[in-house]
Amino acid sequence: MIRLGIAGMGYGANVHLPAFMDHPDVVVTALADGGSGRARKISDELGLNAQVFNRGDELARWDGVDAVSIAVPALHQSELVRAALASGKHVLCEKPFGTGLKDISGLDRIARENGLTTALGYEFRYDTALREMIELVHAGRIGRVSRIDVTWLVATGLNPARTWSWRHDIDSAGGVLIDWCCHVIDYARAMTGESIRELWCSTATRVPQRPNGLGGMKPVTAPDSCDMH
């Protein structure tokens with residue numbers, strides 16, 4: 001049985017937690033929320049009797065977990081991944097697991113040297129339709145792939161009523177490139193079996209400000225649309 005801790009009680013509680021609770025070989029023993037009190041509330045409501053932490057790095061270092069599932073804002077992901085790996089924990093982390101190459105440098109080495117398993121939350125390659133397409137390509141059923149066209153329209157991303165969050169802040173590693181376009185690169189690689197050697201993109205911010213949840217508006221600094229080749 002794998003003892004699991006989940007850091008992040010937004011997407012982590014809504015998506016990661018139900019999936020792991022449904023897994024017969026996993027028991028959720030710890031939750032972390034960054035001090036909001038949500039972890040305690042969720043643990044009590046679900047009868048988890050989980051150890052609750054106000055900091056994700058404290059959960060990552062706790063001896064009561066074998067693996068850590070990380071679903072916190074991108075700005076804080078790499079520090080939790082690093083803390084978990086340094087403590088001998090296996091890691092599942094939401095993409096992009098850091099803010100840039102400098103931020104994530106050395107994480108793969110730490111994992112390999114300690115014999116730890118790591119994974120990123122690129123779930124779309126497991127979508128039923130995409131999996132079938134990937135299998136058809138790999139089996140040679142549709143011939144050699146010379147071009148892949150993707151048109152991805154996400155209504156929520158351009159909804160002006162959507163409340164401002166870190167995803168709308170460029171300094172917090174927000175924006176459509178990290179939120180969505182990285183998925184396209186991932187499943188395109190899975191489909192072709194090759195790495196991306198060249199990439200060109202043009203980004204724009206079509207919704208310049210969003211509600212801040214307090215009755216006012218807050219400027220959007222991260223791009224919410226992208227044309228990528």
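Contact, as used in this briefing, means heavy atoms within 4.5 Å. The structure is a predicted model, in which local features need pLDDT of at least 70 and side-chain atom pairs count only at pLDDT 80 or more, while totals for chains, interfaces and linings use all residues. Residues are numbered from 1 along each chain as its sequence is written, and side-chain values use heavy atoms, with hydrogens and water left out. Helices (H or I, at least four residues) and strands (E, at least two) are DSSP runs, numbered from the N terminus.

**Leucine 59 and the nonpolar cores**

- Leaving aside its neighbours within four places in sequence, leucine 59 is in contact with Gly5, Ile6, Ala30, Leu31, Ala32, Phe53, Val65 and Val68.
- A nonpolar core is a set of buried Ala, Val, Leu, Ile, Met, Phe, Trp, Tyr and Cys residues joined through side-chain atoms within 4.5 Å; buried means under 20% relative accessible area, exposed over 50%, and partly exposed in between (1.4 Å probe, protein chains only).
- The largest such core has 22 residues, and Leu59, Val68, Ile70, Val81, Leu85 and Val91 have the most contacts inside it.
- Two or more residues of this core come from each of β2 (26-32), α3 (56-61), β4, α4, β5 and α6 (107-113), and the largest share, five residues, is that of α4.
- Another core, of 15 residues, lies apart from it and includes Ile6, Leu17, Val26 and Leu48.
- In soluble globular proteins, nonpolar side chains tend to be buried together.

**The sheet**

- An open sheet is formed by six strands in the order β3-β2-β1-β4-β5-β6, with parallel pairing; two strands pair if DSSP finds at least two bridges between them.
- Because β3 (51-53) and β6 (118-120) stand at the edges with a single partner strand each, one side of each has no neighbour in the sheet.
- Neighbouring strands are turned by 20° against each other on average, direction ignored; axes are lines fitted to C-alpha atoms, for helices over the stretch in contact, and angles run from 0 to 180 degrees between N-to-C directions.
- β1 pairs with β2 over six bridges, and arginine 3 stands opposite valine 27 in β2.
- β1 also pairs with β4, over four bridges; glycine 5 stands opposite valine 68, and serine 69 is the bridge partner of isoleucine 6.
- β4 and β5 pair over four bridges, with cysteine 93 as the bridge partner of isoleucine 70.
- β5 (residues 90-93) pairs with β6 over three bridges, and cysteine 93 stands opposite leucine 120 in β6.
- From β4, Ala67 and Ser69 point one way and Val68 and Ile70 the other, and all are buried.

**Helix α4 and the crossovers**

- Helix α4 (residues 74-86) lies across β1 (2-7), β4 (67-70), β5 and β6, and runs at about 165° to β5.
- The 13 residues of α4 reach 19 Å from first C-alpha to last, close to the 18 Å expected at 1.5 Å a residue; the expected span is 1.5 Å times one less than the number of residues.
- Ala74, Gln77, Ser78, Leu80, Val81, Ala83, Ala84 and Leu85 are buried in α4.
- Glycine 88, with a positive phi near 80°, follows α4.
- β4, α4 and β5 make a right-handed β-α-β unit, as do β1, helix α1 (residues 11-21) and β2; right-handed means that, with the strands pointing away from the viewer, the path from the first strand over the helix to the second runs clockwise.

**Leucine 101**

- Leucine 101 lies in helix α5 (residues 101-104) and counts as exposed because its relative accessibility is 74%.
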